[in-house]
Amino acid sequence: MKICFITSIFGDICDTPAPSFFRNPDHDYFLFTDIDASRFNTDWQIVNIKDHPRIKELDSVPNAAVRKSRYPKFMSWELLESLGKTYDFVGYCDGHMAPVFQNWSEITDKIQAYDFGFLQSIHHNKDVLKGGILKETQEIVKHRKDSKERVEKTIQFFQQYDSSVRLDYPQYFENNRFMYDFQDEKFRQITSEFWDIYTKEDITYRDQPLWNYLLLKNNLKPLVHTTKTLFQELGRYGVHSY
């Protein structure tokens, strides 16, 4: 069984040092970035993709560094294949986290047996979990994660793209760590749809509203698991107030 773990850091690492951790020699651990490897002190294998076509095309967009980091995050299957690599499962975590050293077969067996080969956690904030997309977009504006204007455009786009999706539906998932079946066609389809919208539409650079919207639109529900038991926090990454 081939497993790859990935993370991504783009633009600046002053406040986001990638951690050190115990690696399993049977797995691969890639940190995708546009930053020179000499600036890192980590157990991740640094892979600089600043000249990758999917990254170069985002050079002039707003919040370019954040948006670039979402390519390895959501489209890792495409990125890895473009580098000549294939796996059975891929795990993602934010840059201040790292995979726990463990036997992963119990988790991967569950993912493989599930109808949608994708695992993640429900949102930690009960109000967001209850209020869904609308509640988190309110929190984004409240905590100045993005502008009110950009968030309003996002809501308008959602309503126009598929008006049947309830934006207040009481369901919400976190995107800071997850795992998926590399060959799962449903995951490939929804992430392709995500990337097409995320890079072409005038919506928020925050990825959770769009991701949760597409889960509802496509009637897909991830395999729910407490991912904190799979990926440990070893540093601090930004300010999470909600």
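Start at N219. This residue sits just after helix α8 and takes a positive phi of about 55°. Keep in mind that this is a predicted model.

Now step back into the helix. α8 covers residues 207–217. Is α8 enclosed or open? Largely enclosed by the rest of the structure, because nine of its 11 residues are buried. Buried here means under 20% relative accessible area. The buried ones are D207, Q208, P209, L210, W211, N212, Y213, L214 and L215.

What do those buried residues pack against? Helices α2 (64–74), α5 (126–142), α6 (148–161) and α7 (185–200) are on the list. So are two strands, β6 (118–122) and β7.

Let's follow β7. This strand runs over residues 173–181, and N175 is found in it. N175 has a relative accessible area of 1%, so N175 counts as buried. Its side chain makes a polar contact of 2.6 Å with the side chain of D207. D207 is one of the buried residues of α8. Leaving out residues up to four places away in sequence, N175 touches K73, F74, Y92, D94, Q120, D207, Q208 and W211.

Last stop, the start of the chain. M1 lies in the segment before β1 (3–9). Buried or exposed? M1 is exposed, because its relative accessibility is 53% and the cut-off is over 50%. M1 still has contacts. Again leaving out residues up to four places away in sequence, M1 touches D88, F89, S105 and T108. Now look across to K142. M1 and K142 are 141 residues apart along the chain, and their C-alpha atoms are separated by 44 Å.

Methods:
Residues are numbered from 1 along each chain as its sequence is written. This is a predicted model: local features need pLDDT of at least 70, side-chain atom pairs count only at pLDDT 80 or more; totals for chains, interfaces and linings use all residues. Side-chain values use heavy atoms; hydrogens and water are left out. Helices (H or I, at least four residues) and strands (E, at least two) are DSSP runs, numbered from the N terminus. Buried means under 20% relative accessible area, exposed over 50%, partly exposed in between (1.4 Å probe, protein chains only). A polar contact is a pair of N or O atoms within 3.5 Å; within protein, one must be able to donate a hydrogen and the other to accept it, and residues adjacent in sequence count only if both atoms are side-chain atoms. Contact means heavy atoms within 4.5 Å.
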